[in-house]
Amino acid sequence: MFLNNEIEGILKQDDSEVMIEDIVNLNTPSTSEVKIVAVNTPSTPEVKIVADSDIPGTSKQSWLPQLEHAFPNAEKEDLQDIASVAITIGDAACLLLDKQTADKEENLSLEDLIESFVEKNELSCDECILVDRDTLWMDVVKFYKRSLTKPDILRKEFCVLFKNEEGLDGGAMKIEFFSLALNDVKSRLFEGAVPNMVPIKDATKGMLFQLAGVIVSHALFQRSSIGFPFLAPHIYSYIVGEEEDETISKITKKHIPLDSSTTLLHEFINCLETCENDDDIHQLLEENSKCEAFWQIINSSRWPKEKVISTSSKDFLLQHLLSHELLVSRKNEIQEFSEGLKSISLLKLLQKNKEICTILFADGELQPLTADGIMEMIIAVESHSFSERQAYEWLKSYINKDEEFPGDSRQRALLQFWTGWTVVPFGGLAKRLKVAFLADDDTKSLPTTSSCTAVLRIPTVHSSKKGFFEAMNIALKFGRVGFPNP
């Protein structure tokens, strides 16, 4: 809400005429009062504050009617609470304005935040990239290294062309590009199981982690991803600047990747957890066949040498080991990733809206995509012949069929073939799904798509549901990735 110059001037005035005794004696009159007037619509009032010496009395009881008139949507309890702590009615107005702004920000949806993020940074010109699927990661690294010295290229409308593939990018190529790039980021730079992945420990990859943060930012800015929802909760907590104790409290042993390099650590933690007394701990650390290896784990974690390991310190040691393995030893990589998130100011958005943005990074459980969900996204279909009506009925049956595609993978494969997305993006698809019909021709037995415009063309040549299903399976298996030549 913007205040005009008159308001700003009055808010800066010395309100010495409003007696401090009013805090004690609510009925004490004074010679001057600040009057609040609401103009424009009740839902978004412009608050005008004026000093009016003609109105007697400055008691807090007399504030409430004016505050109610200026802030018609405010709760009466809020008005009373703010009036009780404000020194002047002008202070009360400022507090109410601040509260309204805070409430408005709290009510923003994730879709609103992303849209605002894009609008604040978007440039009108285009930036195109030609990539080769065989060398995609190298092409990605090359482009985003250039963005470090020329950051404005990230703010332009982005279009992608795949080498030796037909098509102009109307959105689907860009979506596929980011899907492939983010999968490379996940597989090359992070380890562990989704949704509890952590950065790999590799001091030589600092630049790549920074580029990874830039890629995630750019994909969100281009409305072509749902973020990077694969991180362990403590990684996101550290990135957005939560208190250290809060971050450490989110670490558990399930976040430790399970591979040859961590097998011994898992074993030691499991053994230590079972120790019930000091004798058990002594046996584990002094008599176990692997005690030397266990001590090496303890010492490499920088456990204080003077601190005795006993049942009283066991829980602290467990937390210390987890914190060292999952946070301390990976801080450089996390910080480089955070540095990349500063591109296009995404990190500021995350830090200001920590809770609502959690789903972008630390909530890897994808919402199920149901058959009903697919059907709701389809625009009403017009069929003009028996073969078209039959083909559409078979399509609906195929969407609901579970064989050969466990869970919701059939729906996701179909959505990818249809639009390029494997999940429904925030705020829904930019275009509703459309169904068209291919000619009743033996050369047109497989479905085709125009994924940029979300049009699925289904065959009408099949005489049986089985043949139609087989054609759909072939298309989803071999055709949902890439843009082949016609």
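**Entry 1: helices and strands.** I counted the elements of this predicted model. The protein has 20 helices and nine strands. Next I looked up burial across the chain. Of the 486 residues, 45% are buried. Then I turned to contacts with a separation of 6 or more. Residues 24 or more positions apart account for 66% of them.

**Entry 2: a strand pair.** I picked strand 3, residues 126-131, and strand 4, residues 157-162. How do they run? The two strands run parallel, and six bridges join them. Aspartate 126 has glutamate 157 in strand 4 as its bridge partner. I then followed the chain from strand 3 to strand 4. The path goes through helix 6, residues 136-149, and this β-α-β crossover is right-handed.

**Entry 3: salt bridges.** I searched the whole structure and noted 18 salt bridges. I looked up a few of them.

Glutamate 157 came up again. Its salt-bridge partner is lysine 174, with the closest N and O atoms 3.0 Å apart. Lysine 174 lies in helix 7 and glutamate 157 in strand 4, so the pair ties together parts that are 17 residues apart in sequence. Is lysine 174 buried or exposed? Its relative accessible area is 7%, so lysine 174 is buried. Glutamate 157 is at 32%, so I wrote it down as partly exposed.

Helix 7 also holds glutamate 176. This residue forms a salt bridge with arginine 133, and the closest N and O atoms are 2.7 Å apart. Arginine 133 sits in the loop between strand 3 and helix 6, so I noted that the pair links distant parts of the chain, 43 residues apart. Glutamate 176 counts as buried because its relative accessibility is 7%. Arginine 133 is partly exposed, at 28%.

My next pair was aspartate 202 and lysine 205. Their closest N and O atoms are 2.9 Å apart. Aspartate 202 has a relative accessible area of 19%; the cut-off for buried is under 20%, so aspartate 202 is buried. Lysine 205 is at 24%, so lysine 205 counts as partly exposed. I also found a network: Glu191, Lys201, Glu325 and Arg330 are joined by salt bridges that share partners.

**Entry 4: backbone angles.** Which residues should I note here? Asparagine 164 is not a glycine, yet its phi is positive, about 65°. Asparagine 164 lies in the loop between strand 4 and helix 7. With 66% relative accessibility, asparagine 164 counts as exposed.

Isoleucine 344 is not a glycine either, and its phi is positive, about 55°. Its loop runs between helix 15 and helix 16. Isoleucine 344 is at 3% relative accessibility, so it counts as buried.

I also looked at a peptide bond. Valine 194 and proline 195 are joined by a cis peptide bond, with omega about 10°. Proline 195 is in the loop between strand 5 and strand 6.

Entry 5: Serine 323 lies in helix 14, residues 314-326. It counts as buried because its relative accessibility is 10%. What does serine 323 touch, not counting residues up to four places away in sequence? I listed Ile248, Ile251 and Val328.

Phenylalanine 478 lies in helix 20, residues 465-478. At 61% relative accessibility, over the 50% cut-off, it counts as exposed. With Leu446 and Ile474, Phe478 makes a nonpolar surface patch of about 300 Å².

Technical notes
Residues are numbered from 1 along each chain as its sequence is written. This is a predicted model: local features need pLDDT of at least 70, side-chain atom pairs count only at pLDDT 80 or more; totals for chains, interfaces and linings use all residues. Side-chain values use heavy atoms; hydrogens and water are left out. Two strands pair if DSSP finds at least two bridges between them. Helices (H or I, at least four residues) and strands (E, at least two) are DSSP runs, numbered from the N terminus. A crossover is right-handed if, with the strands pointing away from the viewer, the path from the first strand over the helix to the second runs clockwise. Buried means under 20% relative accessible area, exposed over 50%, partly exposed in between (1.4 Å probe, protein chains only). Contact means heavy atoms within 4.5 Å. Patches are made of residues with over 30% relative accessible area and no salt bridge: like charges are joined within 9 Å, nonpolar side chains (Val, Leu, Ile, Met, Phe, Trp, Tyr) within 5 Å. Accessible areas come from the Shrake-Rupley method with a 1.4 Å probe; for residues, only the protein chains shown count as cover. A salt bridge is a side-chain nitrogen of Lys or Arg within 4 Å of a carboxyl oxygen of Asp or Glu.
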